[in-house]
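I wanted to go through this model with a few plain questions about backbone, core and sheet.

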Amino acid sequence: MNKIDEPNIDEPNKPEDRGVTSILETIDVQTGERGVLAEFEELIEAPNWTRDGRTLIYNSGGSLFKFDLETRESTRMNSGFANRCNNDHVLSPDNRRVAVSHHTKEDGKSRIYIFPMVGGKPELITAMAPSYLHGWSPDGSTLAYCAERGGVFNIYTIPAEGGVETQLTHTPGLDDGPEYSPDGAHIWFNSTRTGLMQVWRMNPDGSEQTQVMEEDSNNWFPHVSPDGTKVVYIAYRKGDVDPADHPPNKQVQLRMMDYDGGNIRVLADLFGGQGTINVNSWSPESRQIAFVSYRLRG
């Protein structure tokens with residue numbers, strides 16, 4: 001979700017129309033083979049892969065949907081009153097719950113809620129707004145998110161049952177996309193603190209913030225593979241976007257690197273950006289990535 005965008009709270013579930021067809025795809029990170037799972041005339045975004053390997057979770061029109069990989073059919077999830085969800089949604093490590101960023105009716109700002117995967121009433125986690133979810137610690141205890149406080153966007157954590165938030169970054173510019181490594185040793189994120197948007201990581205308490213690599217592009221949303229060996233991210237061309245923005249309808253690349261930042265390679269060139277890979281979409285065996293590409297209609 002663009003951090004400056006807020007939906008029209010008077011028109012809940014009004015589908016956003018970017019004039020595109022949404023193409024749900026997978027790519028094999030070893031062979032580079034791409035496969036199309038389905039095409040949608042409506043906008044869909046940000047697939048999560050469930051840990052049993054059978055389902056993808058994506059958002060569309062403010063709701064979350066389950067896509068059955070065997071039948072290729074989608075089913076709307078019961079998220080109660082949370083019907084203005086954006087593309088910042090994360091599954092709990094045990095896959096029994098899902099956390100969403102829902103734009104509340106009162107002020108239209110994004111707050112984090114959790115509800116059961118089987119459906120049910122959402123529980124508020126972050127009273128302060130806007131808050132944009134990105135990570136859930138592997139032990140299930142903590143959420144990591146990007147939030148605006150006092151006009152500045154930084155990275156925060158909060159207990160998954162709610163409580164007092166902790167600010168981890170304090171630098172000028174935008175810090176975004178925090179996500180835990182599978183072993184819980186690091187939080188990966190992206191930051192504009194060097195001028196371009198680049199990939200960083202830090203300890204879970206915010207210490208030892210380290211730039212992982214440097215490229216002449218704007219790099220967003222690092223996602224670590226379940227086996228902890230690879231990181232996939234999305235790259236915008238330098239000069240094509242503002243470093244602090246990740247808009248839709250751009251020529252972008254999915255890239256992959258080793259956990260230490262080495263061996264960077266391009267997985268795919270595609271038309272997309274916003275919505276393509278905002279959340280971690282690695283398959284459980286660390287072999288495939290699910291993502292959304294787009295095609296202009298007409």
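I began with Asn249, which I found in the loop between strand 20 (230-237) and strand 21 (250-258), where strands are DSSP runs of E of at least two residues, numbered from the N terminus. The model is a predicted one, so I kept in mind that local features need pLDDT of at least 70, that side-chain atom pairs count only at pLDDT 80 or more, and that totals for chains, interfaces and linings use all residues. I also noted that residues are numbered from 1 along each chain as its sequence is written, and that side-chain values use heavy atoms, with hydrogens and water left out.

Most residues other than glycine have a negative phi, and most peptide bonds are trans. Asn249 has a positive phi of about 55° although it is not a glycine, and its relative accessible area of 27% makes it partly exposed (buried is under 20%, exposed over 50%, partly exposed in between, with a 1.4 Å probe and protein chains only).

I then turned to Asn263, in the loop between strand 21 and strand 22 (265-272). Its phi is also positive, near 55°, and at 51% relative accessibility Asn263 counts as exposed.

For the peptide bonds I wrote down the one from Ala129 to Pro130, which is cis with omega near 0°; Pro130 lies in the loop between strand 10 (123-124) and strand 11 (131-136).

Next I asked which residues have the most contacts inside the largest nonpolar core. I listed Trp220, Ile234, Leu254, Leu267 and Ile289, in a core of 23 residues; such a core is a set of buried Ala, Val, Leu, Ile, Met, Phe, Trp, Tyr and Cys residues joined through side-chain atoms within 4.5 Å. Strand 19 (217-224), strand 20, strand 21, strand 22 and strand 23 (288-296) each supply at least two of its residues. A second, separate core has 16 residues, including Leu24, Leu43, Val292 and Tyr294.

Strand 21 and strand 22 pair over 7 bridges in the antiparallel sense, and I noted Arg255 standing opposite Val266 in strand 22.

Conventions
Helices (H or I, at least four residues) and strands (E, at least two) are DSSP runs, numbered from the N terminus. Two strands pair if DSSP finds at least two bridges between them.
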